[in-house]
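Colleague: I have the file open and a few things to check. Can you walk me through it?

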Amino acid sequence: MANVTIIGAQWGDEGKGKVVDWLASRADIVVRFQGGHNAGHTLVVGNQTYKLSLLPSGLVRGKLGIIGNGVVIDPSALLLEIERMRDQGLHITPETLRIADNAPLILPVHAAIDRAREAARGERRIGTTGRGIGPAYEDKVARRAIRVCDLAEPETLDWRLDELLLHHNTLLAGLGAETFEKQTLRNDLIALAPQILPFAEPVWERLAEARKSGARILFEGAQAVMLDVDHGTYPYVTSSNTVAGQAAAGAGLGPDAVGRVLGIAKAYCTRVGSGPFPTELSDATGRLLGERGHEFGTVTGRARRCGWFDAALVRQAVKVGGIQGLALTKLDVLDQMQELKIGIGYRIDGAEYRHLPPGAAAQAKAEPIYETIEGWSGSTRGARSYAELPAQAIKYIRRIEELVECPVTLLSTSPERDDTILMTDPFAD
Ligand code: IMP
């Protein structure tokens, strides 16, 4: 049996939670490999709704959850999320959750820097989640991060905090924000250590064993390809690699472990935060998509920007993300719309492009080139087979497959877990 990696193919919020949950029920282990508690996955299971940020979704299905080294972990946020789950009747213990001992930590100073820098950017702010994700990744690459394993070494914490605060307090003072006391941070970390360390281990070792024994591993991506720090709409991106290639490095496995790569895309397109969005609709149709699709962020509650499906963008995500099959979600939001548009390229300063060029100014100017396609009057909601879909809805899916150069292998037709049409089983060899 193959492993499966799931990534977002647009700007996040594609409905990964439901698909991950559905596939997690067939996996043995679910691994997070990048991002942090900026992610938001909503899972509807019976009459319970779980909102997860940092925890791997498989935990809801009683599967082993692993947080890999590629994730940035806010220890307080992790413990709060575990507590929130406990209140919903889900007990997360070191038997069900393991976290990489070499994963970097997000500290309160990172969130403070994130917010102070966003405020200083003014008009040009990125629209981050304000959770310290970017500054924590910067510290990792700058080799001054405090990692999970450091919680077991108070003497290491000491000098690492000195180095980290020398950098950040200088910056905070320059931005006119409050600085941090080493002793307070140190005491807080020492107090958190006994709650976090029981979950910590070299997860690469467990994963290597799991692979040897033929266990099925599901790698759960967060954010999406167009928010990837290399391949996304830079600088309006998150600070990690969100492409499937990251699943191996962010978990401590070789590239052959990634398995089949499933990309998730909405049948239209949304984005939260700032940055280019060529097919964005700021008219009544955009508002209709937002209302029907309940487009509000899981983490921040912000209203999402809405627009037409951008096939040029998803085609690019398919190529750079390594996507082999597409899961299309929320098709029902397009029900009863007379006419639909699909973005097939861009016009920038009179020239035509098949993909979004990387320059920020070019991206801001990109006008979509549309193809118009007839809508359907029937309903796709809750459909569990292609036979139940209106013919025109099938045409829409087929056109998307052609344009993005990737088959649609899974279709989700409502938030309910079983309202899913599976064309190809991603776990099959
Ligand atoms: P950061 O990850 O908090 O630094 O935010 C950087 C950008 O990524 C912002 O535009 C956020 O809105 C966006 N972002 C981060 N996480 C998610 C997510 O889970 N879904 C959608 N957008 C996200």
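Modeller: One definition before we start: contact here means heavy atoms within 4.5 Å. Also keep in mind that this is a predicted model.

Colleague: Fine. With that cut-off, what is Tyr396 in contact with, leaving aside its neighbours within four places in sequence?

Modeller: Tyr396 is in contact with Ala267, Phe309, Leu331, Leu334, Leu340, Ile342, Ile373 and Trp376.

Colleague: And how many residues are in the largest nonpolar core?

Modeller: The largest nonpolar core has 111 residues. Those with the most contacts inside it are Ile73, Leu78, Leu97, Ile99, Phe309 and Tyr396. A second, separate core has 15 residues, including Trp22, Val30, Leu218 and Leu410.

Colleague: Back to rings. How many aromatic pairs are there?

Modeller: The count comes to two aromatic pairs. Trp11 and Phe277 form a tilted one, 5.2 Å centre to centre with 55° between the planes.

Colleague: Where do Trp11 and Phe277 sit in the chain?

Modeller: Trp11 is in the loop between β1 and α1, and Phe277 is in the loop between β10 and α9. The two are 266 residues apart, and the pair links distant parts of the chain. Trp11 and Phe277 are buried.

Colleague: Why do the rings of Trp376 and Tyr396 count as tilted?

Modeller: Their planes are at 55°, so the pair is tilted; the ring centres are 5.8 Å apart. The cut-offs are under 30 degrees for stacked and over 60 for edge-to-face, with the rest counted as tilted. Trp376 lies in the loop between β16 and α12, while Tyr396 is in helix α12, so the pair ties together parts that are 20 residues apart in sequence. Trp376 is buried, as is Tyr396.

Colleague: Next topic, helix α10. How many of the 11 residues are buried?

Modeller: Nine of the 11 residues of α10 are buried, so the helix is largely enclosed by the rest of the structure. Among the buried ones are Leu313, Arg315, Gln316 and Val318.

Colleague: What do the buried residues of α10 pack against?

Modeller: They pack against β1, β9, β12, β13, β14 and α12.

Colleague: You mentioned β13. Is Thr329 buried or exposed?

Modeller: Thr329, in strand β13, is buried, with a relative accessible area of 3%. Its side chain reaches the backbone oxygen of Glu14 at 2.5 Å. Not counting residues up to four places away in sequence, Thr329 touches Glu14, Gly15, Val19, Ile264, Ala265, Lys266, Ala267 and Ser412.

Colleague: Now annotations. Which residues does the UniProt "active site" cover?

Modeller: The UniProt annotation, from an unreviewed entry, covers Asp13, His41 and Lys140. They span 128 residues in sequence and the farthest two C-alpha atoms are 26.1 Å apart, so they do not all gather at one spot.

Colleague: Let's take them in turn. Where is Asp13 found?

Modeller: Asp13 is in the loop between β1 and α1. At 23% relative accessibility, Asp13 counts as partly exposed. Beyond residues up to four places away in sequence, Asp13 touches Lys266, Thr270, Val272 and Arg304.

Colleague: And Lys140, where is its place?

Modeller: Lys140 is in helix α4. Lys140 counts as partly exposed at 34% relative accessibility. Its contacts, with the same exclusion of residues up to four places away, are Asn69, Gly70, Pro104 and Ala145.

Colleague: Which residues does the "binding site" annotation cover?

Modeller: The unreviewed UniProt entry gives Thr298, Val299, Thr300, Gly301, Arg302, Ala303 and Arg304. From this set, Ala303 and Arg304 are in the lining of the second largest pocket.

Colleague: Last one: what does the side chain of Arg302 reach?

Modeller: The side chain of Arg302 reaches the backbone oxygen of Gly127 at 2.9 Å. Arg302 is in the loop between α9 and β11 and is partly exposed, with a relative accessible area of 25%. Residues touched by Arg302 include Thr128, Val272, Glu295 and Phe296. Gly301 lies in the loop between α9 and β11, and at 42% relative accessibility Gly301 counts as partly exposed.

Technical notes. Residues numbered from 1 in each chain as written. Predicted model: local features only at pLDDT ≥ 70, side-chain atom pairs only at ≥ 80, totals over all residues. Heavy atoms only, no water. UniProt positions renumbered as here; feature names shortened; annotations may be inferred. 1 Å grid on protein atoms, 1.4 Å probe; cavity = no way out; pocket = protein on both sides within 12 Å on 5 of 7 lines; lining within 4 Å. Helix = DSSP H or I, 4+ residues; strand = E, 2+ residues; numbered from the N terminus. Buried < 20%, exposed > 50% of the residue type's maximum accessible area, 1.4 Å probe, protein only. Polar contact = N/O pair within 3.5 Å; in protein donor to acceptor, adjacent residues only side chain to side chain. Core = buried A, V, L, I, M, F, W, Y, C linked by side-chain atoms within 4.5 Å. Phe/Tyr/Trp six-rings, centres within 6.5 Å; stacked < 30°, edge-to-face > 60°.
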